[in-house]
Amino acid sequence: METAKYEYIANQLKHSIISGTLHPGDKLPSEAEICHLYGVSRSSARGAISALAAQGLIETKKGKGSFVCTQQEPSPMICLQEISRIDLFEFRRILETESASLAAQRADEAAITQMRELAVKMQESTDMADIALYDAKFHLSLARASRNSAILQVFKLLQDSFSKMFYQNVCIQGSEGYIYHLKIVSAIEVRNSDLAREYMREHLDNTIEKTTMINYKLL
C-alpha cells in the first residue's frame, strides 16, 4: 500500500468529520465503497480506516462497519512546525520512558490487562494496517495508564504524527514491536518503574536503528 494513498483518504474523511459533513454516529463508507470512490486497493482503504480509529475519530463494530465516535475530545488549537522522524523519536524517548515509569506506579489491573491484550493482538495480526493500529493503541493506553493528564494530552496532540510513524515502522519491522510491549507490561505489572523505563528506551532505540532509512517529514 502506498502511504500517500491511505493518508489522502484518511485526511478527506477526517475533514468530513471535523467540518460536520459526517456527524457523530454516522456510518462511514465501507472498505469496498472507499475502494470504488477513490480508486484504491482494499489495503489502502483499510489503512485509512485504521488511521482514523487510532486517532479516536471513529470506532469499528464487527459485522456492522465503522462509525463516527459520538464523544470526541476537542484537539488543542496549536500550530505545529514540521517535525522530522528523528526529532519525534527523541521526544518520544523523553515522553514515553517516563510514561512507562509512571504507569508502573499507577496503572490499575484493567489498564494492565488492556495493554497486554493489545500487545497480543499486535503479535497475532498479519495485516500491516491492523498491526499499526494495535501499536498506536498500546502506546496511547500506556499514556493513559500514566495517569498524567499532560502526558495524555500531548500524546493526543501529536497522534496524527504518531500514527504515521507507527505505520511506517511496521512496514519495515512487522509486528516485532509486540516483544517489547510485553516486556513493558510485565515490568509494569510487578511495579518496577526503572525496568519499565529501560524497556521503553530499548524499544524506541531499537526501532530508530531499524528504520533509519525513513527520514522524510511527518507533519
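The legends below describe close-up views of a predicted model. Residues are numbered from 1 along each chain as its sequence is written, and side-chain values use heavy atoms, with hydrogens and water left out. Because the model is predicted, local features need pLDDT of at least 70 and side-chain atom pairs count only at pLDDT 80 or more, whereas totals for chains, interfaces and linings use all residues.

View 1. Helices here are DSSP runs of H or I with at least four residues, numbered from the N terminus. Helix α5 covers residues 109-124, and at 1.5 Å a residue its 16 residues should span 22 Å, which agrees with the 23 Å between its end C-alpha atoms; the expected span is 1.5 Å times one less than the number of residues. Ala 111, Ile 112, Met 115, Leu 118, Ala 119 and Met 122 of α5 are buried, where buried means under 20% relative accessible area, exposed over 50% and partly exposed in between, with a 1.4 Å probe and protein chains only. Seen down the axis of α5, these buried residues fall within an arc of 125°, so they line one face of the helix; the arc is that of the directions from the helix axis to the C-beta atoms. The face turned away from this buried side carries the exposed residues Ala 110 and Glu 124, while the buried residues of α5 pack against α6 (128-145) and α9 (177-189).

**View 2. Ile 188 in the largest nonpolar core.** The largest nonpolar core has 64 residues, and Ile 58 and Ile 188 have the most contacts inside it. Such a core is a set of buried Ala, Val, Leu, Ile, Met, Phe, Trp, Tyr and Cys residues joined through side-chain atoms within 4.5 Å. Its largest share, 11 residues, comes from α6. Leaving aside neighbours within four places in sequence, Ile 188 is in contact (heavy atoms within 4.5 Å) with residues including Ile 112, Met 115 and Leu 142.

**View 3. Tyr 6 and Tyr 167, an aromatic pair.** The structure holds four aromatic pairs, in which rings of Phe, Tyr and Trp (its six-membered ring) have centres within 6.5 Å, with planes under 30 degrees apart counted as stacked, over 60 as edge-to-face and the rest as tilted. Tyr 6 and Tyr 167 form a tilted pair, 4.8 Å centre to centre with 50° between the planes. Tyr 6 lies in helix α1 (residues 3-19) and Tyr 167 in helix α8 (residues 159-173), so the pair ties together parts that are 161 residues apart in sequence.

Methods. Helix = DSSP H or I, 4+ residues; strand = E, 2+ residues; numbered from the N terminus.
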